[in-house]
Amino acid sequence: MRIDVITIFPGYLAPLREALLGRAIGAGLVDLAVHDLRSWTRDVHQAVDDSPYGGGPGMVMRPQVWGEALDAVLALDERPARIVVPTPAGRPFTQATAQAWTGEERLVFACGRYEGIDQRVVDDARRRDLPVDEVSIGDYVLVGGEVAVLVMVEAVVRLLPGVLGNPASAQQDSFSDGLLEGPAYTRPEVWRGLAVPEVLRSGNHAKIARWRRDRALERTAQRRPDLLAALPEDALDDADRAF
Ligand SMILES: Nc1ccccc1-c1cnco1
C-alpha cells in the first residue's frame, strides 16, 4: 500500500516512521510520502487560506493550491487512490472503515486546517470519479487533520498482512467481534493485594473463553450499549444471552 499525506505541517507526521509503522515501511509493506502543501503555492507569502465567503470566523483553505497539490500527488503513482479528507463533519471512521481501506492500493490523505478546505476541491475530485471519503475520528474539534491521519493510518496499517507479529491479535482486539475487549492481566499473580481472577490461572481453556466472553459482554453493555444493540441477530449464542 502506498500512503501519501498532504499537509502544511509535515513534521506532524513524523511518528508514522516510528515503531510498528516504521518497521512496516522498512519491510516494504507500506510506502509513505509526506508532502508540504506550501510547495504548490505561487505567492511570496505561500498563502494556503483565505477569508470565508459569507463571512464568519476562521479561514478556509484555498481551492487552487489544493487542486494543484492533489493533481500533482496523484500523478506520482499510477495506482488508483482513495482520497481521504479528515473533517469533523465527516462520516465516522470505524474499525470497519479501517478494514475496508486495507483493500486499497493507495490512500491520499488531505489534511485540512482552519475551517476546512474549500468544498469545491472535494466536489471537483468526485466529479472526476475519484473516490473521496470525508471522515471524522470522533465528535470533538481538533486544530487540523494531521492527528486524525495518524490515527487512521495506524488503524489501517496494523491490519495489513505481515505487519503484526501475531495476526490473531487483529482478530481478537476490540470491535473485531463487535464487542469491547474485557480486562487483561499478567504477572505477578498478586499485586498490591489484588489477585488475578482464578479462572485465568485454571488452565481450563473452555472456562477461560467463557469468562472472557462474559467480561466482554458485561463491559460492552456498561460502556457501549450502542455496540450491543448493533450486533447482528446471530452474533450472540444461548450462553451469551444467559449472561
Ligand atoms: N476537528 C478537525 C479539524 C480539522 C480536520 C479534522 C478534524 C477532525 C477529524 N475528526 C474529528 O475532527
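How far is a nitrogen atom of the ligand from a polar backbone atom of Leu-142? The distance is 2.7 Å. A ligand nitrogen also lies 2.9 Å from a polar backbone atom of Ile-137. A polar contact here is a pair of N or O atoms within 3.5 Å. On its own the ligand has 310 Å² of accessible area, and the protein covers 96% of that. Such areas come from the Shrake-Rupley method with a 1.4 Å probe.

This is a predicted model, in which local features need pLDDT of at least 70 and side-chain atom pairs count only at pLDDT 80 or more, while totals for chains, interfaces and linings use all residues. Residues are numbered from 1 along each chain as its sequence is written, and side-chain values use heavy atoms, without hydrogens and water.

Now the shell around the ligand. Its residues include Pro-86, Thr-87, Pro-88, Gly-112, Tyr-140 and Val-141. Each has a heavy atom within 4 Å of the ligand. Strand S5 (residues 82-92) gives the largest share, three residues. Strands are DSSP runs of at least two E residues, helices of at least four H or I. The shell has six nonpolar residues, six polar and no charged. Gly counts as polar in this division.

Next, the surface. Phe-9, Tyr-12, Tyr-140, Leu-142, Val-147 and Val-151 make a nonpolar patch of about 510 Å². Phe-9 sits in the loop between strand S1 (2-7) and helix H1 (19-26). Phe-9 counts as partly exposed because its relative accessibility is 38%, between buried (under 20%) and exposed (over 50%).

Methods:
Patch = residues over 30% accessible without salt bridge, like charges linked within 9 Å, V, L, I, M, F, W, Y side chains within 5 Å. Salt bridge = Lys/Arg side-chain N within 4 Å of Asp/Glu carboxyl O. Buried < 20%, exposed > 50% of the residue type's maximum accessible area, 1.4 Å probe, protein only. Polar contact = N/O pair within 3.5 Å; in protein donor to acceptor, adjacent residues only side chain to side chain.
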